[in-house]
Every structure is written in C-alpha cells, then in structure tokens.
Amino acid sequence: MLKLLLLLSLTEICAAQNDITLSVFTVTSKSMTVQWSGHSGASSYKITATAKNSPERPVFAQFGSNTVMGSVNSLSPNTMYTMQVEAMDNALNVLSSAETEETTAPEVPAIDQAYSKKSDSITVEFSEVSGATGYILRAESETEDFFEETLVTSSPGTVLQLQPFTDYALSVMSVNSGGRSQPSHPVQIRTVVVAPELNTSSPSNGTIHVTWSPVEHAVLYTLCIIQQGSDSRLKLNRTEPTVTFDDLEPGTTYCIKGTAWDSDGRPGDDLTACQITRPPSPDTVHVMLTQGRALGMTVYWEFVQGAEMYTAFSSNGQNCTSAADSYCIIAPLHCGQNHSVFVTAENQAGPSDPSVPEDFITFPCPPERIWVEEHEAGSCWVAWSSVPLVEYYMAFIKRDDGAEELCNTTRTTCQFHCMCGYTYLTTVFAYNPSGSSPQGDVLNYTTIPCCPEDVSVELVSTETLEIMWSSVRGAELYETTAEQTDDVIHCNDTAPVCALSDLRCNTMYSIVVTPCSELRGCNHTCKPHTHETAPCSPEILNVTQTSSTTARVLFTDPNTPNTTYTVSATGRTDTHTCHSQSTFCELTQLPCGTTYEVVVVATTAIGQSLPSYSVPLETGPCCPTTLHVEQVTQAMTNVTWSPGRGARSYVTALTSPRGHAKCHTLDTHCMMGCITCGTNYSVALEAISSTGHKSHCSYNGFSSSACCPTSVKLYRMVNSSLRVYWRSSGPPPTHNHTVDLYGTGSNYTCIPVPWSSFCDVQEVMCGDVYTVVVAPVGQDGNKVSFCPRRMYSVSCSGSNVGMVIYRGKRSLD
C-alpha cells in the first residue's frame with residue numbers, strides 16, 4: 001500500500017514538473033532577466049544560471065510566490081548560460097521546473113574619441129569587444145528633444161540627421177545574439193556649423209564675384225579658388241559674406257570651396273561652387289555676302305576659349321547665333337543699307353565684350369521706276385530712276401521670241417533696237433562691291449502692231465466684202481473699216497478675217513485693216529485697199545400677161561450704165577428667162593396653168609446683185625382636153641371632163657334657145673338639171689385658177705333625148721289582147737316609140753306604127769301584174785331608158801283577159 005502511494009505521488013510530481021514555462025526577457029553583459037508562468041501551490045521560485053562549457057559556479061536567485069519575473073546578476077559577458085526555474089513549496093520540495101538557454105551581452109565598449117566634421121553628423125571612435133556582432137551608437141540632445149540609436153558593425157561609427165552647432169551626449173553599446181550591453185560612459189560633442197551657400201558670377205572675362213548668406217554661429221569664412229586643370233590655388237579669409245577674384249583667365253572654369261568657422265575655431269562644412277569666367281572678345285571678324293533663297297551676309301570669326309555660343313549683331317537690329325560653327329548668317333538683308341557688325345562670345349557666365357565692329361554695305365536696291373520711250377519706229381530707249389550706293393547698272397532687254405540685248409552703263413538710260421509687233425521684257429540691276437541688287441520690276445513693253453501685207457478683199461455677197469489677211473505680230477484685235485464719202489463701216493475681231501456687211505450696193509469702198517493691241521492701241525499707218533460692191537437689186541414694177549404664152553415685166557434701173565438685167569420666171573418644173581439693158585423684158589412661150597416666181601437680177605463686171613423681190617406670175621389654167629355629156633333623166637344630165645392644169649374650179653354651161661343650165665364646181669364632173677328634152681345645146685366650160693385667173697373653153701354641142709310620152713294607159717281588147725295608148729310630148733314627133741310589158745310570168749314588146757300613139761299587144765296572159773313602159777327610140781336605134789313605168793293588174797274572165805286595173809306609177813328602177 002505504501003508502495004502504491006509512493007508510486008502515485010511520483011506520478012503526480014512528474015506531471016507537475018511539466019506544467020511551468022520559462023523564457024528570457026532581456027540580457028546585459030553581466031545579468032539576465034527571465035519570466036515564467038506561475039504554478040499553483042508554489043510558495044517560492046528559484047532561478048539558477050549555469051555557465052555552459054565553463055567551470056565557473058552557478059549563480060541563483062530566490063523569489064516569492066507572487067513573482068513571475070526576476071534577474072540573475074554577476075554573470076560573465078558573452079557567455080552561454082542554462083537558465084532554470086523551480087517552483088517549490090514551503091518544504092522546499094520542487095513542484096515543477098523548466099529550462100532555457102541564452103547568451104549574455106558582450107562587454108561594454110569604451111569611447112576613444114568623438115568629433116563632428118559635418119554639421120549634420122558626429123563620428124565616434126570606440127574600442128571593439130569580443131563576441132560583439134555589432135554596436136549601437138546612441139545620441140541624445142541636452143534638451144532631450146532628440147534621441148537616436150544607430151546600428152554599426154565596427155568602429156568608427158557615425159550618427160546622422162543631427163542639427164548643426166548643437167550639443168549631443170554620445171554613448172556606445174555592444175550587441176550579440178543575446179542582446180545589447182549597458183551604454184558606455186557618455187561623451188559631450190557639439191556639431192559644427194553649416195557651409196556657406198556660395199553664389200558665383202563672372203562680371204567680366206577676368207573676374208569672379210562670390211556672395212553668400214551669413215551662416216549662424218560662424219565668425220570667419222575661408223574661400224579657396226582653384227583653376228580647373230591647374231594646381232594653382234588661392235585661399236582667402238573673410239568675415240564679410242562677399243569676395244571678388246581678379247586677374248583670372250577668360251573663358252576658364254574655377255572652383256571655389258567655402259568653409260565657415262565657429263567661435264571655437266572649428267571649421268564647418270565645406271561647399272564647392274564652380275564658375276566659368278566670361279569668354280574673351282572674338283577677333284578677326286569678317287563679313288561676306290551670301291547667296292541663297294534669301295540674300296544674307298555671312299559673319300566669320302575665330303573661336304575663343306570657353307565660348308559656348310557666338311552671336312553676331314548688326315547695327316540695324318538683326319542678329320544670328322552659332323554654337324558649333326565659326327560663322328552665322330544674318331538674313332534677310334535689305335538693299336541699300338550700311339551695316340556695322342560685331343560679334344560676342346557667350347558661355348554660362350554671360351556674353352563677352354563685343355568685338356571690333358566691321359562695316360558692311362549691302363547690295364543696292366533695284367530702280368523703283370522703269371519706262372521705255374519710242375522716239376521713232378525701231379528705236380527705243382529704256383530709262384530708270386537713279387539708286388544710291390551704285391557703281392553701275394546693267395539693263396536686260398528680252399524679246400518675246402527669245403532674242404536678248406544687254407546694256408552696261410553708269411547712266412540711267414540705254415538705247416535698244418525695237419521692232420513692231422514684239423513684246424520686250426526689260427529689267428535693270430544695280431551693282432556695287434557687295435553684288436547685284438535684287439530683281440526689280442520687269443517692264444512689259446509692247447511695240448505697235450505690224451500692218452498686214454497680204455490683205456485680200458473678196459465680194460461674198462452683194463453687200464458684203466470678206467477681207468482676209470495673215471496674222472501679224474503684236475496684234476490682239478483687228479479693226480477693219482470700209483469708208484465711202486461720209487459712210488464708215490466698222491468690224492472688230494481677233495481673227496485675221498472680217499466680213500463687212502450692210503454696205504451700199506454698186507459703191508466703191510476704201511478698205512483699211514488696222515491692227516490693235518491692248519497695251520499700245522492701234523496702228524493707223526496701214527495702207528488702204530479699194531473694192532466695189534455688187535450692183536443694187538432692181539424692183540419689179542409690174543408683170544402683165546400680154547397673151548396666153550407671153551408676159552411683160554417692167555422694173556427699175558438703180559445702177560450705173562452698162563448693167564445687164566436678167567428676168568427669171570421659175571416654176572416647179574421649168575424656168576424662163578430674158579435679158580435686157582433697159583427697164584423692161586418680155587417672157588415668151590409660157591405654158592398654160594403654171595405659176596412662176598418672177599425676179600430680176602442686175603449684173604456688172606463686179607458681180608450680181610441680190611434678186612429683186614419676187615412677183616408671182618400665173619398663166620391662165622389649161623382647158624380640159626376631154627368633156628362628155630350624159631343624160632341621166634329627161635330633165636337632168638351628168639357632165640364629166642378631164643382635169644385642167646392650173647384650174648381649181650370649173651363653170652360648165654349648156655345653152656340653147658329654149659333655155660340654159662350652169663354648174664360651178666371644184667370637181668371634174670357636174671350634175672345639171674333643167675334640161676329640155678329634144679333640144680340642141682351648145683357646151684362651154686370656164687377653167688378658174690385658185691387666184692381667179694380664167695380660161696374659156698368651147699366644146700361640141702349636145703342634143704337632149706326625145707321627150708317621154710305622157711298619159712300612158714292600158715285597155716283590154718278582144719281575143720286576150722291589150723292596147724297601150726300614150727300621148728306624145730315635146731316638139732312634133734320625128735321618132736318612133738317602143739312599148740314593153742313586164743310581168744311575173746312573161747314579158748311582151750310592141751312596136752307601134754311610126755308616129756302613132758298606141759300599140760296592141762296580142763295573146764297576153766291574164767291573172768298577172770304588168771309594168772308598162774313607153775319610150776321613144778332615137779335615130780341611133782336606142783330607146784330612152786328613163787321614161788316612167790305604170791303598173792296594171794290584168795284579171796281573167798274565163799280563159800280570156802278580164803278587167804284591167806291601174807295599180808300606180810313609179811320611176812325607172
């Protein structure tokens with residue numbers, strides 16, 4: 001049982017030993033502070049530090065039950081220790097424990113010296129200690145408003161970001177993996193003053209002026225100037241913030257280092273500013289004229305030391321610059337100017353003094369006015385206004401066909417040969433040692449146009465002359481005139497041809513072709529050419545047809561003697577003419593029924609006149625070649641005839657002692673009534689044209705047919721016979737008759753005894769309707785076919801003819 005209790009107690013103790021934790025809180029060179037977690041039931045805690053791999057004796061410390069952090073002192077620097085915590089009860093029994101390992105910090109280093117060479121830093125030199133992996137520099141201002149720790153790896157070390165001329169307490173601590181040592185004994189150090197900020201300039205090519213703002217706490221300033229590329233130097237002390245260095249090399253860079261001193265005699269920061277002196281003035285300036293798009297002058301110079309840019313100035317305010325070349329061009333130049341040119345060299349310090357000025361005269365201006373005078377034909381003078389700064393003039397005269405003349409003179413006039421009809425382009429250049437003037441105005445002078453030599457005049461119509469000629473030089477327009485006494489006809493055209501119309505007929509004109517140009521006007525010296533116009537047109541006074549084939553034409557005579565007149569009568573298919581030198585002419589052998597246009601034309605050696613106004617001539621219409629009269633009824637005839645040429649209407653007349661008939665028609669036939677039977681008629685026809693011309697035509701006579709009988713009656717006779725009775729009309733009968741009966745079953749014809757007034761028809765069938773026709777028979781044996789018909793109904797009485805009844809009368813079918 002005791003054994004079991006002991007076993008249980010040991011188990012609880014082992015379990016309790018594992019429920020406490022330990023960690024290192026901080027270390028120093030000779031101490032180490034740890035912290036642990038509390039243990040329930042512990043009345044005290046024991047901390048033991050045992051050096052690892054060292055024979056020194058362990059060091060321990062005892063703490064109460066309510067403490068969870070404690071330190072162990074008197075340790076060795078830079079030594080690995082095993083730290084153990086034990087929780088004990090009142091009987092000093094260990095309830096729980098825990099261990100950890102940690103190294104102590106290295107030894108405390110000692111500051112050898114501290115100094116400030118920069119106004120914002122202090123450098124500390126210290127002794128290095130064994131086992132240190134680094135060092136911490138601590139800087140703290142006396143006013144305690146600044147605290148800074150800087151980690152460095154070795155000595156010396158520098159603390160930065162400090163204020164100038166300020167007191168600081170400096171200490172150093174060594175560091176290893178365990179932590180940092182205690183701070184060394186502090187030293188008091190003051191930072192130096194700041195460097196002066198130098199402002200430099202070069203007022204001239206041998207001086208540099210330096211200024212700066214006063215530095216706080218500074219009592220003295222030291223400036224050292226060094227020429228670039230040289231070992232020579234100059235040092236000056238100044239209490240005032242300004243200094244000027246003289247007798248320096250032009251165009252040379254100097255570096256000036258400035259240092260301020262405090263009241264303790266310590267130099268502060270230094271600051272270097274480099275300044276180049278202004279370059280020397282360029283020498284040997286030379287000016288030349290430059291040709292190009294815009295005339296200019298090229299200014300040449302020699303390079304000088306230290307120059308970065310060169311500028312050439314002209315007295316008229318123009319300038320040019322160049323950096324890489326030893327020349328530049330001032331452009332554009334103006335003519336007639338006297339320039340004074342100088343050059344300055346320039347660098348960052350500013351421009352040099354100007355060079356010795358060089359005088360330069362520009363090329364002369366061109367004459368402002370040019371004109372040409374033509375004193376006589378072929379001799380011209382070109383003149384111009386004078387120009388200053390000129391040695392001589394050169395006039396160029398170029399003709400429009402390419403020919404050129406050149407005149408070199410010191411005067412302001414020049415003579416040249418000029419021809420008619422040419423345009424001359426004239427320009428004048430002025431010259432001096434700088435060259436030629438720019439081209440001035442080009443004078444466009446055109447000489448008077450030439451007169452045409454091959455003028456031809458041709459009569460193209462009775463009152464129109466066509467004038468033709470070859471084009472001449474210089475002519476833009478031709479004025480052609482035809483002059484006769486007080487009458488002048490004008491024609492203006494650009495072509496070398498002109499038609500002068502509306503001239504007087506049968507008149508001699510003086511023709512002049514005058515060439516003109518817009519610039520020079522017209523040449524009025526051209527010779528005239530004479531030409532006569534065609535004869536005047538006569539006027540027809542009267543045209544009279546003296547017979548059926550002849551017409552007499554009467555007309556005026558408006559022309560000079562020896563004029564022949566031709567009369568023409570023109571129809572659709574033929575033309576008739578006659579000629580005369582008097583005022584009338586007869587046209588013969590004119591056909592009938594024809595219309596003519598009659599005109600008269602006058603003819604002279606020059607040509608023909610226009611025809612006179614036409615007068616119509618119409619011959620009488622032609623008589624019809626055939627005419628036929630046909631009687632269609634006892635009182636009506638149909639007259640037909642062939643067409644008559646030229647006739648539009650016809651009047652036909654049948655005339656007899658017993659009366660007459662007349663018909664007016666546009667046709668070639670006419671139905672005429674009121675004809676008396678058995679009468680001889682004379683036949684006449686009048687052909688009338690559309691204008692009323694008439695031709696009287698006569699033809700053979702016409703006899704009308706015998707008169708048809710009247711009172712035709714039909715009577716029944718014995719033995720089936722019928723008697724036809726009639727009464728003759730008209731003049732005493734001189735002819736026979738014929739009787740016809742037409743029935744539906746049979747027809748009968750009866751020839752009566754000559755000059756009788758009845759005829760018997762035998763063996764007539766009864767029971768039929770008969771048409772009875774009684775007609776005279778002419779001497780030619782033809783019966784008249786238009787006599788009227790009568791209808792009778794014949795009944796039967798037994799086998800014989802019975803009652804005869806009249807049924808009516810009708811005309812011939």
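Start with the aromatic rings: the count in this predicted model comes to 19 aromatic pairs. One of them brings Phe313 and Phe342 together, with ring centres 5.4 Å apart. Three other aromatic residues, Trp36, Tyr45 and Phe63, form one cluster.

**The Phe313–Phe342 pair**
- The planes of Phe313 and Phe342 sit at 25 degrees to each other, and since planes under 30 degrees apart count as stacked, this pair is stacked.
- The pair ties together distant parts of the chain, as the two residues are 29 apart.
- Phe313 belongs to strand β24 (residues 309-314), while Phe342 belongs to strand β27 (residues 338-347).

**Charges over rings**
- Arg190 puts its charged end over the ring of Phe165, 4.7 Å from the ring's centre.
- Over at Tyr422, it's Arg399 that lies over the face, at 4.4 Å from the ring centre.

- Across the chain, the pLDDT averages 88, and 96% of the residues score at least 70.
- Confidence is highest in strand β16 (residues 207-212), at a mean of 95, and lowest in helix α1 (residues 2-17), at 35.
- For residues 1-18 the pLDDT is below 50, and beyond near neighbours in sequence this stretch has nine contacts in the model.

Conventions: Residues numbered from 1 in each chain as written. Predicted model: local features only at pLDDT ≥ 70, side-chain atom pairs only at ≥ 80, totals over all residues. Heavy atoms only, no water. pLDDT = per-residue confidence, 0-100. Helix = DSSP H or I, 4+ residues; strand = E, 2+ residues; numbered from the N terminus. Contact = heavy atoms within 4.5 Å. Phe/Tyr/Trp six-rings, centres within 6.5 Å; stacked < 30°, edge-to-face > 60°. Lys NZ or Arg CZ within 6 Å of the ring centre and 35° of its normal.
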